[in-house]
Amino acid sequence: MTSESAEIESQQPACCAPEFIQLFSSTRRGARLARLLAVEQLASWGWPRDGERTDAAALVVAELAANAVVHGRLDGRGFRLGLALLPAGQLRIEVTDPRGERLLPAERREAVEGGRGLVIVDALAADWGVLPYPPSGKTVWAEISVRCPGGRQGVFPDRIEA
Ligand SMILES: Nc1ncnc2c1ncn2[C@@H]1O[C@H](COP(=O)(O)OP(=O)(O)OP(=O)(O)O)[C@@H](O)[C@H]1O
Ligand SMILES: [Mg+2]
């Protein structure tokens, strides 16, 4: 083994990152199912069902899925939910819809003035954004941090962990 290949090998993760990917119909029922299955998946990864971070993740999934169904819908096409645990423990949520040409408000400040959903995402996620999903879709992503949602105290003031 050359030193170069040893270095490449040492950069590989020890095992695959926990990941969940599922397609849903672009309906209210599909959005509701996405939220329910997300909580099931998090529970299988050891997240308490009534935990603060699980609540935050479920809300973010629900709002992004609702947006995919309402604003990103294309007849005959569904939306995709992806969940992944990042190496530092954050949860990455990705919701992909087929309407890549329908952009979200360019500025986050505009976004949080637009409606309720992205205000919630902005408050609970450590970061979020939009990426193209070639050839014609887009992915709205959000990351839930290891500790408090959005890194802020007081989102669920009765359940902030010590
Ligand atoms: N997946 C998406 N595709 C296209 N546009 C989107 C998408 N998500 C959000 N938007 C745009 O961003 C705006 C703000 O979204 P937000 O979720 O905050 O509000 P809303 O969906 O209009 O209302 P609410 O979430 O309160 O029901 C939307 O009105 C829409 O124009
Ligand atoms: Mg919305």
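This is a predicted model: local features need pLDDT of at least 70, side-chain atom pairs count only at pLDDT 80 or more; totals for chains, interfaces and linings use all residues.

Reader: OK, on to the core. Which residues have the most contacts inside the largest nonpolar core?
Author: Those are Leu 64, Leu 81, Leu 91 and Ile 93, in a core of 31 residues. Elements giving two or more residues to this core include strand E3 (91–97), helix H5 (117–124) and strand E5 (137–144).

Reader: Which element gives the most to this core?
Author: That's H3, with eight residues. Helix H3 covers 52–70.

Reader: Switching to aromatics: how many aromatic pairs does a search of the whole structure find?
Author: One aromatic pair turns up. Phe 24 and Phe 79 are the partners, and they are stacked, at 5.5 Å centre to centre with 25° between the planes.

Reader: Why does that angle count as stacked?
Author: Because planes under 30 degrees apart count as stacked, and here the angle is 25°.

Reader: Where in the chain do the two partners sit?
Author: Phe 24 is in strand E1 (residues 19–24) and Phe 79 is in strand E2 (residues 79–85). They are 55 residues apart, so the pair links distant parts of the chain.

Reader: Is Phe 79 buried or exposed?
Author: Phe 79 counts as buried because its relative accessibility is 1%. Phe 24 counts as buried too, at 6%.

Reader: What sits over the ring of Trp 47?
Author: The charged end of Arg 53 does, 3.9 Å from the ring centre.

Reader: Now the ligand. How many residues surround ligand 1?
Author: There are 14, and the closest are Asn 67, His 71, Arg 116, Leu 118 and Lys 138.

Reader: Which polar atoms are 2.9 Å from an oxygen atom of ligand 1?
Author: One belongs to the side chain of Asn 67. Another is a backbone atom of Arg 116, also 2.9 Å from an oxygen of ligand 1.

Reader: And what about a nitrogen atom of ligand 1?
Author: A ligand 1 nitrogen is 2.9 Å from an N or O atom in the Lys 138 side chain.

Reader: How much of the accessible area of ligand 1 does the protein cover?
Author: The protein covers 74% of the 600 Å² that ligand 1 has on its own.

Technical notes. Residues are numbered from 1 along each chain as its sequence is written. Chains are lettered from A and ligands numbered from 1 in the order in which they are written. Side-chain values use heavy atoms; hydrogens and water are left out. Rings of Phe, Tyr and Trp (its six-membered ring) pair if their centres lie within 6.5 Å; planes under 30 degrees apart count as stacked, over 60 as edge-to-face and the rest as tilted. Helices (H or I, at least four residues) and strands (E, at least two) are DSSP runs, numbered from the N terminus. Buried means under 20% relative accessible area, exposed over 50%, partly exposed in between (1.4 Å probe, protein chains only). A charge sits over a ring if NZ of Lys or CZ of Arg is within 6 Å of the ring centre and within 35 degrees of the ring normal. A residue is near a molecule or strand if one of its heavy atoms lies within 4 Å of it. A polar contact is a pair of N or O atoms within 3.5 Å; within protein, one must be able to donate a hydrogen and the other to accept it, and residues adjacent in sequence count only if both atoms are side-chain atoms. Accessible areas come from the Shrake-Rupley method with a 1.4 Å probe; for residues, only the protein chains shown count as cover. A nonpolar core is a set of buried Ala, Val, Leu, Ile, Met, Phe, Trp, Tyr and Cys residues joined through side-chain atoms within 4.5 Å.
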